[in-house]
Amino acid sequence: SEVLIESYLMAKISCSLETLVLYVRMDNPGLFYVDFQKYHFAGRFPHRTIVFSYLYPTPQIESVERKITDKIKGIIRSNNISQLTPYEKELSLHDYLVTNVAYEYADKSYHKAHSAVGALLHGRAVCEGYSMAFKLLCDAAGISCIVLYGTATNSDGTGNHAWNIVKLDGKCYHIDVTWDGCTKTETTVSHNCFNLTDDDIGQDHIWDRELLPNCTSTEDNYFVRRRVFFTSSEELKHHFVSELKKGQRNFSVKLNRKFKDHTPISHTLKEAMKSMFLTNPLGYSFQIQYDSVRDVANISVATNF
């Protein structure tokens with residue numbers, strides 16, 4: 001397939017053609033069949049042609065497109081997306097991908113893992129596949145969403161990464177479905193990277209801040225919306241007591257203070273138990289999974305009798 005760039009367009013393009021191709025790829029996850037790694041340029045200024053090759057034969061493209069469309073319609077229908085608020089739509093689509101897609105560790109070079117095909121039709125993807133699938137779902141649900149590329153740093157080091165920015169009620173937020181998918185447990189869906197500010201996600205993600213919209217609001221952060229974002233140990237203790245009395249045994253909370261580890265949270269939880277007149281504290285045990293970068297703690301309380 002060839003795309004001709006006319007001379008008048010060449011004069012208006014302020015970036016390189018390579019960057020332009022990247023922008024097209026980021027904004028069009030439905031072009032899963034185009035091999036964006038192997039295109040080349042033909043012709044000379046002022047006329048240039050971009051020559052693309054396809055990853056699938058034409059009949060197969062149409063078949064896969066139908067499968068993706070049907071899959072998306074099924075997800076929208078089964079999750080009652082049309083009946084939800086924009087925030088609830090985003091949350092439901094995020095949780096669907098986190099629950100149903102696994103990170104592709106075995107063959108990261110496999111092209112399907114880098115597209116919505118891997119995530120939606122095969123349940124396996126790398127970060128690019130997660131973010132492309134999330135944009136397609138958001139587009140179908142009427143949520144403004146873009147894919148962005150940058151780098152991210154975790155325990156394995158620093159590498160290229162893709163995630164999303166969404167816009168809700170005129171405010172923009174970062175959302176990294178891949179990282180939430182990789183930190184989920186058998187019983188808990190992670191929301192550590194759900195609707196973050198530039199400052200929050202910028203602790204371990206790097207992107208072109210001049211090009212992309214600013215994300216400064218915390219209004220639709222998952223923990224803020226659920227009222228489990230705490231500014232003091234006393235607030236946290238009150239939450240533990242209140243929820244323990246209701247029979248709650250699993251907690252996910254975010255703090256605005258920086259802790260090196262989970263020790264202060266353990267202390268606050270023990271105090272909450274004592275305040276409930278638990279005469280046999282040894283009858284209870286708890287586990288804390290603490291994300292010191294996001295200041296998020298996932299806590300599971302169990303009875304030993």
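Which residues have the most contacts inside the largest nonpolar core? The views below start there, and all of them come from a predicted model.

**Figure 1. A close-up of the largest nonpolar core, which has 83 residues.** Leu97, Leu120, Phe134, Ile265 and Ile299 are the ones with the most contacts inside this core. Helix α6, residues 127–141, supplies the largest share of the core, eight residues. Take a moment with leucine 120: leaving aside its neighbours within four places in sequence, its contacts include Ile68, Ile72, Leu97 and Leu137. Lys71 is also in contact with leucine 120.

**Figure 2. An open sheet of four strands, in the order β11-β12-β14-β13.** The pairing in this sheet is mixed. Strands β11 (229–230) and β13 (284–291) each have a single partner strand, so one side of each has no neighbour in the sheet. Follow β13 to its partner β14 (residues 296–303): the two run antiparallel and are joined by eight bridges. To find your place, look for serine 285, whose bridge partner in β14 is alanine 302. Helix α10 (residues 233–245) packs on the sheet and touches β11, β12 and β14. Helix α11 (residues 263–275) packs on the sheet too, touching β12, β13 and β14. The direction of α11 makes about 150 degrees with that of β13.

**Figure 3. Cysteines in a structure with zero disulfides.** A disulfide is a covalent bond between the sulfur atoms of two cysteines. Here, the sulfur of cysteine 145 has its closest cysteine sulfur in cysteine 138, 4.1 Å away, which is too far for a bond. Cysteine 215 is in no disulfide either, and its nearest cysteine sulfur, in cysteine 172, is 5.3 Å away. Are cysteine 145 and cysteine 215 buried or exposed? Cysteine 145 counts as buried at 5% relative accessibility, and cysteine 215 is buried with a relative accessible area of 1%.

Figure 4. The structure has eleven aromatic pairs. Tyrosine 33 is buried, whereas tyrosine 54 is partly exposed. The rings of phenylalanine 240 and phenylalanine 251 have planes at 80 degrees, so this pair is edge-to-face. Phenylalanine 240 lies in helix α10 and phenylalanine 251 in strand β12, so the pair ties together parts eleven residues apart in sequence. Both phenylalanine 240 and phenylalanine 251 are buried.

Note on methods:
Residues are numbered from 1 along each chain as its sequence is written. This is a predicted model: local features need pLDDT of at least 70, side-chain atom pairs count only at pLDDT 80 or more; totals for chains, interfaces and linings use all residues. Side-chain values use heavy atoms; hydrogens and water are left out. A nonpolar core is a set of buried Ala, Val, Leu, Ile, Met, Phe, Trp, Tyr and Cys residues joined through side-chain atoms within 4.5 Å. Buried means under 20% relative accessible area, exposed over 50%, partly exposed in between (1.4 Å probe, protein chains only). Contact means heavy atoms within 4.5 Å. Two strands pair if DSSP finds at least two bridges between them. Axes are lines fitted to C-alpha atoms, for helices over the stretch in contact, and angles run from 0 to 180 degrees between N-to-C directions. A disulfide is a pair of cysteine sulfur atoms within 2.5 Å. Rings of Phe, Tyr and Trp (its six-membered ring) pair if their centres lie within 6.5 Å; planes under 30 degrees apart count as stacked, over 60 as edge-to-face and the rest as tilted.
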